Amino acid sequence: MNIVVCVKYVPDAQADRTFSVDNTTDRAGVDGLLSELDEYAVEEALKIAEANDGEVTILTIGPDRAADALKKALQMGAHRAVHVNDAAIHGSDAIATSLVLAKAIQKLDPQPDLVLTGMASTDGTMGVVPTMLAERLGLPAVTYASELTVADGKVSVRRDGDLASQTIEATLPALVSVTDQINEPRYPSFKGIMAAKKKPVDTWTLADLGVDAELVGLTAAWTTVESFSARPPRQKGQIVTDEGDGGSKLAVFLGEHKFL
Amino acid sequence: MSTTDTFDLYGIDDLLTEDERDIRDAVRAFGVKELRPHVATWFDEAKLPARELARELGGLGVLGMHLEGYGCAGLGAVTYGLACLELEAVDSGLRSLVSVQGSLAMFAIWKYGTEEQKQEWLPRMAAGEAVGCFGLTEADYGSNPGGMRTIAKRDGDDWVLNGSKLWITNGSIADVAVVWARTDERIRGFVVPTDTPGFTANEIKQKLSLRASVTSELVFEDLRLPGSALLPEVAGLRGPLGCLDEARFGIIFGSLGAARDSLATAVDYSISREVFDKPLASYQLTQKKIADMAVELGNGMLLALHLGRLKEKGTISSDQISVGKLNNVRKSLEIARESRTILGANGISLEYSPIRHAANLESVLTYEGTSEVHTLVVGKALTGISAFG
């Protein structure tokens, strides 16, 4: 059972995140980490691999520092990692990202039985890459899995909606994106941290993948960020003094803001 | 407004290897997510889920992390110190749990035990499935353990233990106690399963310090042990004191964690708290407090790292460990108290950590060798004259 997990190195949400001069996410000036939503995909892959004697490969696209995201996943227990690192990829949109991921996955030997992703990145939060990637790979896509079982060449997934939960089955190979409800990601153990350093990490460029640099990057993006501005600081709250009519004042306030 | 933390100011990361930083970061992340959100409640209610925590810490690899073999991670002294620091940044009680398990109970078995004792206990203790405690101190014998009353008498091949121990961390949740007792000849150590008939542990309540830690009294009444319970490789006070050097070493780093967290809390507060229409941090008195604390904290860290490297080389002496414990605990306690003053009245609430750290450090100042005894150790080292008696 070979599993590939696609992960992203994102700016730490605890830090002061900002944009670069070209209106892309600033990835140099801010400390980054493995996107927390991707940790669930790594954990799920490790659980499946442990139960099925499988191997977990972690795949990421990003600059040099994105190696930190791979390191974390390897510390958690993944077996090997692939880092697609090419300056031409800077500024790529979801369409180009899915292209590069697809080419990287197609280059893997052996080919994966299962591709796992998080439900979205914590920086872009678009959540479209998984289905785009499945389309490019010609794999069935099951998104937002909150439960996942693999048996008899099939994957069975529970998807929780607002009104109902669906159980969906797909034949392997397949792509599944998982939610933050699916598991509790493990902490890397000290042994895992020490072992991670000896695990293989391949670094590939666009040329290695046979991807034309014209198809990726900021200039090839189908959408561009025209401008940005900081969110205005929160206004001070309104203090209502209770003069025996606090209840009705509160009701009026809630009504005005359509909370009722 | 750009802020930096004390260890960044001192460039501490440059003194650490990548592995050391990685493991420190892993313990910090665990502390921030799994411990910090609960610690004020544990302290307030004086209830620590110690056995569950032991399993989680064991899974991480913290327990006995500086020991080789038997499921232990076999890491260096500085790495162990950094883990202690990150745990104590949450609460001294959590670091105490780890110190007692790894540096006292496990270390005693690892260093002085038989192969059978090691095989029986160490892997389970490293995993956190078994909890250990360490019985040396008695009600009337703290700084002078050589006067202990607990006695072990030979009876055929067996030993019969009578007496009691006080202020024993993890005592009433432990599966195994390493107990030191006088015999006809010298002080000897025993590995005592806590389900042995004649063993009783009573938890000490009504503490104002280390409330997020289990502290107990151990009582032994005609407790019968097989000859195989004896720790064969050491006799005399050298045995327990060797273990204490291990635990003290962890405290040299650990106490700085409490100080770092206190200072960071005070700095954050001073920046956001307005007094007379400007941030508390913009007053010179506040900045002096912050700068003085940062200098002591950074200096303490340099000392800890230096001692850590000496320990890794295998050349550290007990005197040097006394210097480290004396300075770093004393300074950390001062930092916690001073941080509390920056928080004003809010500083007495458990919502902020400094008063909790300060209360804890009162115990840390006293246990594992009181500051007075460490002072006299340093005094003796410098003058050649013992002033203990």
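Biologist: How many cavities of 30 Å³ or more does the structure hold?
Modeller: The structure holds one. This is a predicted model, in which local features need pLDDT of at least 70 and side-chain atom pairs count only at pLDDT 80 or more, while totals for chains, interfaces and linings use all residues. Residues are numbered from 1 along each chain as its sequence is written, chains are lettered from A and ligands numbered from 1 in the order in which they are written, and side-chain values use heavy atoms, with hydrogens and water left out.

Biologist: What makes a space a cavity?
Modeller: On a 1 Å grid over the protein atoms alone, a cavity is a set of points where a 1.4 Å probe fits but cannot get out. About 40 Å³ of space lies in the largest cavity, the volume being the space filled by probe spheres set on the points.

Biologist: Which residues line the largest cavity?
Modeller: Lining residues have an atom within 4 Å of a point; among them are F7(B), R24(B), L82(B), R260(B) and M301(B). The largest share, three residues, comes from α4(B).

Biologist: What makes β9 and β11 of chain A edge strands?
Modeller: Two strands pair if DSSP finds at least two bridges between them. The open sheet has nine strands in the order β9-β8-β7-β10-β6-β1-β4-β5-β11 (chain A), with mixed pairing. β9 (165-171) and β11 (201-204) of chain A each have a single partner strand, so one side of each is left without a neighbour in the sheet.

Biologist: How do you know that β8(A) pairs with β9(A)?
Modeller: Seven bridges join these antiparallel strands, and at least two are required. In β9(A), I168(A) is the bridge partner of V157(A).

Biologist: Why does the span of helix α9 of chain B agree with expectation?
Modeller: The expected span is 1.5 Å times one less than the number of residues. For the 25 residues of α9(B) (residues 318-342) this gives 36 Å, and the end C-alpha atoms are 36 Å apart, so the two agree.

Methods:
Helix = DSSP H or I, 4+ residues; strand = E, 2+ residues; numbered from the N terminus. 1 Å grid on protein atoms, 1.4 Å probe; cavity = no way out; pocket = protein on both sides within 12 Å on 5 of 7 lines; lining within 4 Å.
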